[in-house]
Amino acid sequence: MTWSEMEPLLEQACWDTLYMVGWSALIAVVGGLPLGILLVLTDRGGVLQNVVVNKVVGQIVNIGRSMPFIILMVALISFTRLIVGTTIGPEAAIVPLAIGAIPFFARLVETSVREVDGGLVEAVQSMGGSTWTVVRKVLLPEALPSLISSATTTIVALIGYSAMAGTVGAGGLGDLAIRYGYQRFETELMWITVGILAVVISIIQFAGDFAARALSHRGRSSTAAWPWLSRGPKRAEETGPVAKVAEAPEAP
Amino acid sequence: MITTTGLTKVYRSRGREVTALDGVDLHVREGEVYGVVGQSGAGKSTLIRCVNLLERPTSGTVSVAGQDLTALAGRGQRAGSALRKARTGIGMVFQHFNLLSSRTVRDNVELPLEILGVSGKQRTRKALELLDLVGLADKAKAYPAQLSGGQKQRVGIARALAGDPKVLLSDEATSALDPETTRSILQLLRDLNRQLGLTVLLITHEMDVVKSICDSAALMRAGRVVESGTVADLLATPGSELARELFPVGGELPGTDRTVVDVTFQGEAATKPVISQLARTYNIDISILGAAMDTVGGRQVGRMRIELPGPFEENVVPIGFLREQGLQAEVAGAAEAAHLGASDLKLTKEGAK
């Protein structure tokens, strides 16, 4: 295969991946954020302690998390048809991608929000703040750097899931690598695809880490976003909220 | 200003019951600084958190500024709007400051005003005013992580004052600070109490805090208030545990051939040369076993443990002299001394026979 043959294929695949991952990540954040916060609030000792709601939501999230993505995609076919009117193509892949990523992100949100010091919640309650105030003024802003790291992890995981979306004819980089690279022995194309994926994932991870650092004010230094510019020994606090990414659960 | 009656809090977990508060009656008058002292686990923290109902009491009532908060609370765990409104009139300062790390100092102070719905411009003006009051006007744009412990607590105090509260609750506000910073924070609380007529209820395990700023104090043990009253009254109460804790005097308990007396000086009596008068008048030798002097609320107060030769019976007159001079004199371990002393005496007599 020559470059001129590969180029349009790669370009189309890149756009497909971006399209699928972009939309499903957006939906995952919109859906997973409230779910994760709900899990923290309703937990024992939480502001809205409610064991029943907590257990039910927790169980739904667990089932969603433990489902292999390819099975989820097949299982959701009729639901997908209901929502987007088709079961093939990138649009059809967005539905299972988003539904698979919502519980994944929700668990990450739960971990991030749980890290917020309970004393801060108490302080706002003592000022007469409502539960909504607690969420809006304390939990979200305080957990923001960690939430951004969680979103980054989710996006990277979604790029991984999207490789399987080829099964429903959605295209994308992963699909290209399998159909051309593996099934047609176009090794060159496969390696280019792998290279592009590596670069894309690195950029996303770097951007996420950078944003998380820039928004974290826990360290004493105001140049926390540019650790390589700040002199002197690097402080542990600067890397604190970002380091949590490493503990993030595996993608299903 | 703050009154609790029969306040009880029982924690239940896995079938076990822990009584953190056991019928606490507390009365804090308007404009005073009231200190609750006690060891860890005595229930101080639960008590102060019950005052603004961060913790729901199992039974009993709390009223602040004439408003019965327990009635406002309703039955559920969530705070209704009436209780939330009442809380805006009660400031609270925490041991670990509890400042939002994502906000600047100024924005932290503005937070209670945001909750009150004050407009942006007024919020900023008020916040800068308060930062000026606590001496941190130049740190408005800094983040909490860039401040020292004492500065963080000043921000915490400024924040607590933002809603113009009548009452300030202080939950071990100085326990995480070094002695020097503790003094300056206590000074600030004292100044605020005087300037703004703020009623302060503080809990602490440090007797020094009570000594330096409290008008009244209560001692808690195992969920109960064991003693309470104004500091001056407590010091004047014979056998007061708080007085003994405030002014610990060393020394051993008396044997049968000597009498140990705890003397408390207050106000004018503290300046008289009583001990030397005593020695001259009765021609006795006095040993000082321990002593502590301090200024409490601008008054010279002290305690001293002295030893007089001979058993109690021989020293009735000198002790009477001390009492005439307006001092309090208690025979240390008086109750046991009377008991044991008598039987000891009998034994020695029998032995002599």
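Q: In this predicted model, which residue stands opposite Arg221(B) in β10(B)?
A: Start with the two strands involved: β9, residues 216-221 of chain B, pairs with β10(B) in the antiparallel sense. There are 6 bridges between them. Follow the pairing at Arg221(B), and the residue facing it in β10(B) is Arg224(B).

Q: What is the strand order of the open sheet of 6 strands in chain B?
A: The pairing in this sheet is mixed. Its edge strands, each pairing on one side only, are β6 (90-94) and β10 (224-230) of chain B. On average, neighbouring strands are turned by 15° against each other, ignoring direction. Reading across, the order is β6-β7-β8-β3-β9-β10.

Q: What angle does the direction of helix α1 of chain B make with that of β8(B)?
A: Helix α1 covers residues 44-51 of chain B and packs on the sheet. The strands it touches are β3 (33-37), β7 (167-171), β8 (199-204) and β9 of chain B. Taken against β8(B), the helix direction makes an angle of about 155°.

Q: Do β6(B) and β7(B) run parallel or antiparallel?
A: These two strands are joined by 5 bridges. As a landmark, Met92(B) stands opposite Leu169(B) in β7(B). The sense of the pairing is parallel.

Q: What is the handedness of the β-α-β crossover from β7(B) to β8(B)?
A: β7(B) and β8(B) run parallel, with 5 bridges joining them. Within that pair, Val167(B) stands opposite Thr199(B) in β8(B). Between the strands, the chain crosses through helix α7, residues 179-196 of chain B. This crossover is right-handed.

Q: How many residues of chain A are in contact with chain B?
A: Look at the chain B side to begin with: 23 of its residues take part. The elements supplying at least two residues each to that side include α3 (81-87), β6 and α4 (105-116) of chain B. By type, the chain B side divides into 10 nonpolar, 9 polar and 4 charged residues. On the chain A side, the number in contact is 22.

Q: Where in chain A does UniProt place "domain: ABC transmembrane type-1"?
A: This comes from an unreviewed UniProt entry. In the model, the stretch is 81% helix and 0% strand, and its end C-alpha atoms are 26 Å apart. The record places the feature at residues 14-212 of chain A.

Q: Is Arg14(B) buried or exposed?
A: Arg14(B) has a positive phi of about 50° although it is not a glycine. Its place is in the loop between β1 (2-13) and β2 (16-28) of chain B. Because Arg14(B) has 4 C-beta neighbours inside 10 Å, it counts as exposed.

Q: How many other C-beta atoms lie within 10 Å of Asn283(B)?
A: Asn283(B) is another non-glycine residue with a positive phi, near 50°. You'll find Asn283(B) in the loop between α11 (274-282) and β12 (287-296) of chain B. Asn283(B) is exposed, and its count of other C-beta atoms within 10 Å is 7.

Q: What percentage of the residues in chain B are buried?
A: Chain B has 13 helices and 14 strands. Its C-alpha atoms fill a box of roughly 90 × 50 × 35 Å along the principal axes. Of its 353 residues, the buried share is 41%.

How values were computed:
Residues are numbered from 1 along each chain as its sequence is written. Chains are lettered from A and ligands numbered from 1 in the order in which they are written. This is a predicted model: local features need pLDDT of at least 70, side-chain atom pairs count only at pLDDT 80 or more; totals for chains, interfaces and linings use all residues. Two strands pair if DSSP finds at least two bridges between them. Helices (H or I, at least four residues) and strands (E, at least two) are DSSP runs, numbered from the N terminus. Axes are lines fitted to C-alpha atoms, for helices over the stretch in contact, and angles run from 0 to 180 degrees between N-to-C directions. Two residues are in contact if their C-beta atoms, placed from the backbone, lie within 7 Å. A crossover is right-handed if, with the strands pointing away from the viewer, the path from the first strand over the helix to the second runs clockwise. UniProt positions are given in the numbering used here, feature names are shortened, and annotations may be inferred rather than shown by experiment. Ala, Val, Leu, Ile, Met, Phe, Trp, Tyr, Cys and Pro count as nonpolar, Asp, Glu, Lys and Arg as charged, and the others, Gly among them, as polar. A residue is buried if 20 or more other C-beta atoms lie within 10 Å of its own, exposed if 12 or fewer, and partly exposed in between; C-beta atoms are placed from the backbone.
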